Amino acid sequence: MDSLIVIMLDGIAADHLARHGARTPHLHALAERGLRVDRLAADVPATSLPGRTSILTGVSTDVHGIYGNVIWDGARFRYANPDDVRVPTLPAHALAAGLDVAVLGYGMVRPEDATTFHHAWWANEMLQRARDAAPIPADEGWLRTSRHVDGSGRIAALAAAGLPDGVPDAYAGDRMHYLMSEVTGDQTMLQWSAALASGALAGAPPDLIVTEVLTPDSLQHVAGFEHPFAHWAVSYADALVGEVVRALDRAGRLGRTSIVVTSDHGHGPVERALYADALLPGATTSCEGGVLYVAVDGPTEARRIESHLAEHGVARLPGDHLPPERRHDVAAFVAGGATAFEASAPSERAGATEGPSRYASGHGFAPGTPSDERFLIAAGPGIAQRTLERAASADVAATAAALLGLAWDGPGRSLT
Ligand SMILES: [Zn+2]
């Protein structure tokens with residue numbers, strides 16, 4: 001049977017890919033022999049966990065429930081985890097249809113929804129206990145991904161053949177240790193994906209492999225959009241995709257494997273920050289790029305905050321991207337332009353409502369902001385060569401489902 005690999009490269013903007021073909025030769029080579037979507041619409045908000053979840057569910061945040069990296073649980077804002085996803089993911093659908101599914105390092109998938117599973121190397125970043133004194137029950141959603149021991153034997157077989165047997169603990173050292181854990185973790189996931197897909201080291205290739213690369217997002221945040229280090233990070237991700245293609249080619253599997261590559265959101269320069277604690281003293285808030293969530297006690301308080309924030313040029317979002325039962329206790333706002341919300345000002349500007357951003361580049365700006373848009377590339381058997389100017393977020397999952405031969409009743413349409 002033909003196989004499908006879905007590779008999510010975190011934070012590669014449509015504009016970046018369009019402008020820098022010379023630095024992303026593998027992605028462009030893939031696009032030349034298949035489908036290319038120049039601008040894939042962003043989710044609201046265009047941040048990482050909503051984007052990851054939409055890619056694998058084909059529904060919007062109000063339906064899948066991951067309307068931010070951080071969500072309101074009725075008492076607090078906390079990190080979303082795979083157990084918060086309210087609808088079955090593509091891996092779950094594929095597994096239920098009897099397919100062989102490998103999820104390698106892709107966040108927002110439950111271990112039981114794959115035949116072969118390895119957690120995202122960054123999963124422990126999402127533990128609330130890393131920030132608070134006491135663990136909270138929701139941490140379990142991420143912890144159980146980290147504890148999962150692959151029962152398929154495939155990862156052990158890959159390690160026996162000389163590939164890594166796991167990922168470093170990214171949180172066991174300083175910033176340099178974190179960065180090297182990141183590039184190592186990303187590389188390991190793509191090495192494993194290449195080896196599994198080529199069917200050489202660990203039995204027959206899975207029908208579906210889902211994996212991701214985080215490095216482009218982190219480097220752009222810190223270094224800046226189109227900074228030389230950001231270019232390195234995107235080229236690194238491109239080269240990892242190239243390794244997968246080369247491995248398939250060497251194994252004679254290229255004609256039997258479809259590859260879908262996309263991003264969870266784009267990236268673009270951040271010009272300034274608004275500091276939530278000074279804007280709304282005493283309020284419970286959560287910053288999601290250019291979107292601010294405020295916990296409110298019903299519509300009257302939401303309107304009071306709305307008129308206060310309007311003095312700072314901040315507009316209220318309709319909130320229809322929130323699950324219906326959250327719309328009365330979470331109000332969503334957007335800064336507009338290239339402005340990000342941050343929890344508090346740096347110490348030297350204590351008390352200020354606005355100032356420089358901690359991050360040089362970011363995402364999750366006002367709905368429709370072009371820099372939030374990403375791309376989609378799909379190549380493989382039966383995928384016609386064509387370019388589409390635009391596609392919807394929901395089309396990614398519908399396209400992947402069609403390539404797997406799965407029935408799909410989401411709002412998206414297959415692009416191939
Ligand atoms: Zn991201």
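## Reading the model

Axes here are lines fitted to C-alpha atoms, for helices over the stretch in contact, and the angles between N-to-C directions run from 0 to 180 degrees. Helices (H or I, at least four residues) and strands (E, at least two) are DSSP runs, numbered from the N terminus. Two packed helices are described by the angle between their axes and the distance between the axes.

This is a predicted model, in which local features need pLDDT of at least 70 and side-chain atom pairs count only at pLDDT 80 or more, while totals for chains, interfaces and linings use all residues. Residues are numbered from 1 along each chain as its sequence is written, and side-chain values use heavy atoms, with hydrogens and water left out.

Let's start with H9 (residues 215-223) and its partner H8 (residues 175-198): their axes come within 10 Å and cross at roughly 150°. That angle makes H8 roughly antiparallel to H9; angles under 35 degrees count as roughly parallel, over 145 as roughly antiparallel, 65 to 115 as roughly perpendicular and the rest as oblique. On the H8 side, Leu-179, Glu-182, Val-183 and Asp-186 are in contact with Thr-215, Ser-218 and Leu-219 of H9, contact meaning heavy atoms within 4.5 Å. By class, the contact of H8 with H9 has three nonpolar, two polar and two charged residues. Ala, Val, Leu, Ile, Met, Phe, Trp, Tyr, Cys and Pro count as nonpolar, Asp, Glu, Lys and Arg as charged, and the others, Gly among them, as polar.

H9 also packs with H10, where the axes come within 8 Å and cross at roughly 175°. H9 is therefore roughly antiparallel to H10. From H9, the residues Thr-215, Pro-216, Leu-219, Gln-220 and Ala-223 meet Phe-229, Ala-230, Trp-232, Ala-233, Val-234, Tyr-236 and Ala-237 of H10. The contact of H9 with H10 has 10 nonpolar, two polar and no charged residues.

## Helix H2 and its surroundings

H10 has another helix to meet: the axes of H2 and H10 come within 7 Å and cross at roughly 50°, so these two helices are oblique to each other. Pro-25, His-26, Leu-27 and Leu-30 of H2 make this contact with Asp-238, Ala-239, Val-241, Gly-242 and Val-245 of H10. Here the residues divide into six nonpolar, two polar and one charged.

Within H2, the residues Leu-27, His-28, Leu-30 and Ala-31 are buried; buried means under 20% relative accessible area, exposed over 50% and partly exposed in between (1.4 Å probe, protein chains only). These four cover an arc of only 160° around the axis, which puts them on the same side of H2. That arc is taken from the directions from the helix axis to the C-beta atoms. The buried residues of H2 pack against strand E1 (3-9), helix H1 (14-19), strand E2 (35-40), helix H10 (228-250), strand E8 (257-262) and strand E18 (374-379).

## A closer look at His-28

His-28 sits in helix H2 (residues 25-32) and has a relative accessible area of 15%, so it counts as buried. Its side chain makes a polar contact of 3.3 Å with the side chain of Arg-36. A polar contact is a pair of N or O atoms within 3.5 Å; within protein, one must be able to donate a hydrogen and the other to accept it, and residues adjacent in sequence count only if both atoms are side-chain atoms. Leaving aside neighbours within four places in sequence, His-28 is in contact with Leu-17, Gly-21 and Arg-36.

Tyr-293 belongs to strand E12 (residues 291-295) and is buried, at 0% relative accessibility. A polar atom of the Tyr-293 side chain lies 2.5 Å from the backbone oxygen of Tyr-67. The side chains of Tyr-293 and His-321 are joined by a polar contact of 2.9 Å. Tyr-293 and Arg-316 are 23 residues apart along the chain, and their C-alpha atoms are separated by 9.9 Å.

## Backbone details in the loops

In the loop between E2 and helix H3 (48-57) you will find Pro-45, and the peptide bond from Val-44 to Pro-45 is cis, with omega near -5°.

Met-108 lies in the loop between strand E5 (101-104) and strand E6 (116-118). Its phi is near 75°, a positive value in a residue other than glycine, and Met-108 is buried at 2% relative accessibility. Glu-226, in the loop between H9 and H10, has a positive phi of about 65° although it is not a glycine. Glu-226 is partly exposed, with a relative accessible area of 27%.
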